[in-house]
Amino acid sequence: MSKPTLSRFLIDQQRMPDSTCPAELRLLIETIARACKVINHAISKGALGDVLGSLDSENVQGEVQKKLDVIANDLLLDANEWGGHLAGMASEEMEAIHPIPNRYPKGEYLLLFDPIDGSSNVDVDLSVGTIFSILRAPEHTSGRDVEEGDFLQPGHCQVAAGYAIYGPQTLMVLTVGTGVYEFTLDAEIGSWRMTDGPLKIPTGRREFAINMARRRQWSPAISQYVEERILGAEGPLGVDYNMRWTASMVADVHRILKRGGVFLYPEDHRNGKAKLRLLYEANPMSMLIEQAGGAATDGANRILDAEPVGLHQRIGVVLGDPQEVAIVSGQLADA
Ligand code: AHM
Ligand code: MG
């Protein structure tokens with residue numbers, strides 16, 4: 001049997017009893033997926049397309065923007081502005097929210113995205129991705145422009161989340177709350193075809209992902225977790241572990257969804273500062289991970305229950321194999 005397209009999958013979802021995917025959400029996801037195809041095309045041009053390197057500008061986080069950060073951000077804004085599915089958008093690359101201009105019809109959803117996650121990898125031809133999160137606009141927004149506060153909903157309110165990964169293959173990994181499905185871009189015919197799903201995180205795989213250079217920032221609990229795994233067969237666990245770090249959350253999370261293990265970007269326990277953004281990275285990835293049977297915490301508490309207080313708020317992230325996440329979060333005795 002041929003592999004179903006993303007459109008076919010979404011229509012099937014729409015027709016399910018008690019569907020979590022009404023037509024407007026389906027059309028919004030299709031628009032995002034189309035934009036990701038264009039981003040994929042821009043990335044693949046590399047130096048030939050004059051898309052590599054940095055700009056002089058900084059984003060709201062004070063990070064130097066890559067050309068592709070801005071290109072992908074504009075592509076997502078342009079693709080999603082006029083379709084009538086959204087009330088507003090917010091992006092890691094923009095200080096303020098982007099309400100849908102009055103010249104276009106407004107819809108009932110809010111779209112949040114990290115246009116190019118892992119963008120330090122772009123110039124060296126390693127995997128990067130686009131992460132997105134979809135919320136329902138609060139009902140009282142009809143008849144007025146959306147405001148920043150409308151976006152500050154906990155992650156368990158997301159109606160869909162996903163990412164595109166631009167790697168050896170271009171994939172879209174998506175949930176509308178009914179499991180996680182993977183689609184591969186068939187570039188010649190321009191369509192996304194389902195290649196895996198529902199994904200279930202394999203458990204008991206001995207692999208962890210952490211930036212070791214941040215060791216001085218770890219809490220005693222994180223330090224113990226990592227140290228024991230580095231000692232491996234010669235330590236209390238008596239078995240070897242492997243470590244992987246791509247500096248691209250999309251790639252690290254994708255590996256965990258397919259192969260198991262745990263991803264850690266804890267907060268700096270000395271001052272509580274964290275790297276990853278709650279609304280653009282932690283929430284959508286946590287929804288995907290939980291939908292695939294995994295767990296996601298900030299090191300102690302469930303990320304999807306975190307109450308956002310700011311658009312660009314950051315949070316510690318520990319996600320993946322539920323058993324390993326529970327060990328890190330101190331909910332289980334180390335085994
Ligand atoms: P970005 O969205 O600005 O690219 O930053 C997020 C990325 C994640 O993809 C990745 O897990 C992390 O930053 C890597 O951080 P580090 O540079 O500490 O390795
Ligand atoms: Mg990012």
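This is a predicted model: local features need pLDDT of at least 70, side-chain atom pairs count only at pLDDT 80 or more; totals for chains, interfaces and linings use all residues.

Reader: Into which domains is the chain divided?

Author: There is a domain 1, covering 6-196, and a domain 2, covering 207-334. Their C-alpha centres lie 24 Å apart, and 35 residues of domain 1 are in contact with 29 residues of domain 2.

Reader: Which elements does domain 1 use on the side that touches domain 2?

Author: Those that give two or more residues are strand E5 (109-117), strand E6 (128-136), helix H4 (148-151), strand E7 (160-166) and strand E8. The largest share comes from E6, with 5 residues. If you sort that side of domain 1 by class, it has 17 nonpolar, 14 polar and 4 charged residues.

Reader: Changing topic, where does UniProt place the "binding site" feature?

Author: The UniProt record, an unreviewed entry, puts "binding site" at Asp114, Asp117 and Glu281. These positions are spread over 168 residues of sequence, yet they cluster in space, with a largest C-alpha distance of 8.4 Å.

Reader: Let me take one of them. Is aspartate 117 buried or exposed?

Author: Aspartate 117, which is found in strand E5, is buried, because 28 other C-beta atoms lie within 10 Å, and 20 or more is the cut-off for that label.

Reader: And which residues is aspartate 117 in contact with, leaving aside its neighbours in sequence?

Author: Once the neighbours within four places in sequence are set aside, aspartate 117 is in contact with Val128, Gly129, Thr130, Ile131, Ser248, Met249, Val250 and Glu281.

Reader: Then what about glutamate 281, where does it lie?

Author: Glutamate 281 lies in helix H7, residues 278-291. It counts as buried because it has 26 C-beta neighbours inside 10 Å. Not counting residues up to four places away in sequence, glutamate 281 touches Asp114, Asp117, Ile131, Met249 and Leu276.

Reader: Now the sheets. What is the order of the strands in the open sheet of 8 strands?

Author: The order is E4-E3-E5-E6-E7-E8-E9-E10, and the pairing is mixed. Strand E4 (98-99) and E10 are the edge strands, each pairing on one side only.

Reader: How is E8 joined to the strands beside it?

Author: E7 and E8 run antiparallel and are joined by 6 bridges, while E8 and E9 pair in the antiparallel sense over 5 bridges.

Reader: Why is E8 described as largely enclosed?

Author: Because 6 of the 6 residues of E8 are buried, the strand is largely enclosed by the rest of the structure. Thr170, Met172 and Leu174 point one way from E8, and Leu171, Val173 and Thr175 point the other way, with all of them buried.

Reader: And the open sheet of 5 strands, what order does it have?

Author: That sheet has the order E12-E11-E13-E15-E14, again with mixed pairing. Its edge strands are strand E12 (242-243) and strand E14 (295-297). E14 pairs with strand E15 (residues 317-320) in the antiparallel sense over 3 bridges, and the bridge partner of threonine 297 in E15 is valine 318.

Reader: Last topic: which residues of helix H1 are buried?

Author: In helix H1 (residues 6-15), the buried residues are Leu6, Phe9, Leu10 and Gln13. They cover an arc of only 95° around the axis, which means that they are on the same side of H1. Asp12 and Arg15, on the other side of H1, are exposed.

Reader: What covers those buried residues of H1?

Author: The cover includes helix H2 (23-45), strand E8 (170-175), strand E9 (180-186) and strand E10 (191-196).

Notes: Residues are numbered from 1 along each chain as its sequence is written. Chains are lettered from A and ligands numbered from 1 in the order in which they are written. A residue is buried if 20 or more other C-beta atoms lie within 10 Å of its own, exposed if 12 or fewer, and partly exposed in between; C-beta atoms are placed from the backbone. Helices (H or I, at least four residues) and strands (E, at least two) are DSSP runs, numbered from the N terminus. The arc is that of the directions from the helix axis to the C-beta atoms. Two residues are in contact if their C-beta atoms, placed from the backbone, lie within 7 Å. Domain bounds come from an automatic or database domain assignment. Ala, Val, Leu, Ile, Met, Phe, Trp, Tyr, Cys and Pro count as nonpolar, Asp, Glu, Lys and Arg as charged, and the others, Gly among them, as polar. UniProt positions are given in the numbering used here, feature names are shortened, and annotations may be inferred rather than shown by experiment. Two strands pair if DSSP finds at least two bridges between them.
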